[in-house]
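This report describes one protein model, with its overall make-up and two of its residues.

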Amino acid sequence: VIETLKNFKKNGIVIIVTHRRNPAKESDKIVILKNGAFQDQGTHQELVLAKNLYSESFSNWDYN
């Protein structure tokens, strides 16, 4: 699925709504919404390094 989305992205904009880590990590830009309100935005790397809802959620994901 990720590779297919990358191919679509070459020709335009792809918007994904997900709670899964892989699509989020592969995105050029991540926008965080909570209760329908804008919370934060950035790349995976920017968001993981900052203290925010994304980094807190990401640190709780199981990598095994």
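## Basis

The model is predicted: local features need pLDDT of at least 70, side-chain atom pairs count only at pLDDT 80 or more, and totals for chains, interfaces and linings use all residues. Residues are numbered from 1 along each chain as its sequence is written, and side-chain values use heavy atoms, with hydrogens and water left out.

## Overall make-up

The protein has 4 helices and 2 strands, in the sequence pattern α-α-β-β-α-α. Helices (H or I, at least four residues) and strands (E, at least two) are DSSP runs, numbered from the N terminus.

Of its 64 residues, 17% count as buried; buried means under 20% relative accessible area, exposed over 50%, and partly exposed in between (1.4 Å probe, protein chains only). The accessible surface is about 5,400 Å², 51% of it belonging to carbon and sulfur atoms. Accessible areas come from the Shrake-Rupley method with a 1.4 Å probe; for residues, only the protein chains shown count as cover.

## Asn52

Asn52 sits in the loop between α3 (44-49) and α4 (53-59). Asn52 counts as buried because its relative accessibility is 8%. Leaving aside neighbours within four places in sequence, Asn52 contacts Asp40 and Leu47 (heavy atoms within 4.5 Å). A polar atom of the Asn52 side chain lies 3.0 Å from the backbone oxygen of Leu47.

## Ile16

Ile16 is in the loop between α1 (2-9) and α2 (21-26). With a relative accessible area of 38%, Ile16 is partly exposed.

Terms used
Polar contact = N/O pair within 3.5 Å; in protein donor to acceptor, adjacent residues only side chain to side chain.
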